[in-house]
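Reader: I'm new to looking at protein models. Could you walk me through this one?

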Amino acid sequence: DLRIGNIAAGGGHHSDADYPDPFPSDPEYRDHVAQEYSSVTHENYLKWEFVQPEQGVYDFEQADAVVAFAEVNGMDLRGHALSWHSQNPDWLEEGDFSEAELREILEDHVRTVVSRYAGCIDQWDVANEIFQDDEAASIRDSENIWIRELGPEILDDIFTWAHEEDPDALLFYNDYNVDGLNAKADRYYDLISEQLERGVPVHGFGAQTHLSMQYGFDDSYQENLQRFDDLGIHTAVTEIDVRGEVDENDMMSPEDRAGAAERYATVLQACLDVSLCNSFTIWGTLDAQSWVPNTFPGEGDATLHEGDYERKPTYCILQRTL
Ligand code: XIL
């Protein structure tokens, strides 16, 4: 009963006229996502800058459309993300708020968003990317407004508020570069262990799994998920894509394509073999709409489908892994 998911893309860099946001504008895209996947997540539409563009003014139009799409197509939903250091509205990042005000703003947002989708969105990325990439994987206490202004203790509250609004939803941490036994993953392991001991409602650890053929891949991917599973919590592959250097046709070399397929399959197999891993989300459908070419210039070919929706060889390799 593994859910294979994709993003219903939305917002962010898709404002580029060459790449109109495919979810609202392209029925073929929506049909494709509905046919190929059993779960869906919002790429951007549930982030703060979309949901609360002005203080106290919530806008759920685009987020609701994705939820409705998932419901009518019988798909599961992952919610992304309730707190993050990125894609926050300017009024929040540049505002001059007291601690008490910020706490109230955060609590109101978390409760409003989670209660709206209670019973529909059953997994939430509650805290996204809270640790840095420095050697010690220190907590993001300068970039993340919540941790900077309210201290890391606020994390307990965010999970608790979300849990109160939807006691059945699974509440996750989510991050990149936690694709093996490394310092960042260790920090999550320690933090979650402590929170569980204190009775904080944390239910899951999500490995985004943005991989590149330009970098190595640790052979401890499964071992890492397994240790969270041993804590009795869920794990999920939340944003996988495997990119590489591309040629003028936006394709990786055959060697890199083979290597990327192998990594996709290794990660899928790891998730299948870890008992509480039941969610595997690919971050993008078509390469032209994926965040990769915009974010990592010169890299691409990271998704499972060609531009005409034809399945890449990687897709078939994954199918055989299932
Ligand atoms: C990315 C989106 O795909 C882009 O459209 C947007 O411009 C930036 O964010 N980790 C996350 C996701 O948790 O929210 C990010 O999504 C990719 C990295």
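Predicted model: local features only at pLDDT ≥ 70, side-chain atom pairs only at ≥ 80, totals over all residues.

Reader: What is the mean pLDDT of the chain?

Author: pLDDT is the predictor's confidence in each residue, from 0 to 100. Here the chain's mean is 94, and 97% of its residues reach 70 or more.

Reader: How does the radius of gyration fit a compact globule?

Author: The radius is taken over C-alpha atoms, and the globule rule is 2.2 Å times the number of residues to the power 0.38. For 322 residues that rule puts a compact globule near 20 Å, and the chain agrees, with 19 Å. Its C-alpha trace spans about 55 × 40 × 35 Å along the principal axes.

Reader: How many helices and strands does the chain have?

Author: Helices (H or I, at least four residues) and strands (E, at least two) are DSSP runs, numbered from the N terminus. You'll find 13 helices and ten strands in the chain.

Reader: Which strands does β1 pair with?

Author: Two strands pair if DSSP finds at least two bridges between them. Strand β1 (residues 3-8) runs parallel to β9 (residues 277-282), joined by four bridges, and R3 has S279 as its bridge partner there. β1 also pairs in the parallel sense with β2 (residues 39-42), again over four bridges, with A8 opposite H42.

Reader: What about helix α10: which of its residues are buried?

Author: An α-helix has 3.6 residues a turn, so residues three or four places apart point the same way. In α10 (residues 221-230), the buried ones are Y221, N224, L225 and F228. Seen down the axis, they fall within an arc of 95° (taken from the directions from the helix axis to the C-beta atoms), so they line one face of α10. They pack against α9 (183-197), β6, β8, α11 and β9. After the helix comes G232, with a positive phi near 90°.

Reader: Which residues touch the most other members of the largest nonpolar core?

Author: Such a core is a set of buried Ala, Val, Leu, Ile, Met, Phe, Trp, Tyr and Cys residues joined through C-beta atoms within 7 Å. Of the 82 residues in the largest one, W124, V126, I158, A162 and L171 touch the most other members. Helix α11 gives the most to this core, with seven residues.

Reader: Which residues have a positive phi without being glycine?

Author: T209 is one of them, at about 70°, and D250 is another, at about 60°. T209 sits in the loop between β6 (204-207) and β7 (210-212), and it is buried, with 27 other C-beta atoms within 10 Å. D250 belongs to the loop between β8 (234-245) and α11 (254-273), and it is partly exposed, with 14 such atoms within 10 Å.

Notes: Residues numbered from 1 in each chain as written. Buried ≥ 20, exposed ≤ 12 C-beta atoms within 10 Å, placed from the backbone. Contact = placed C-beta atoms within 7 Å.
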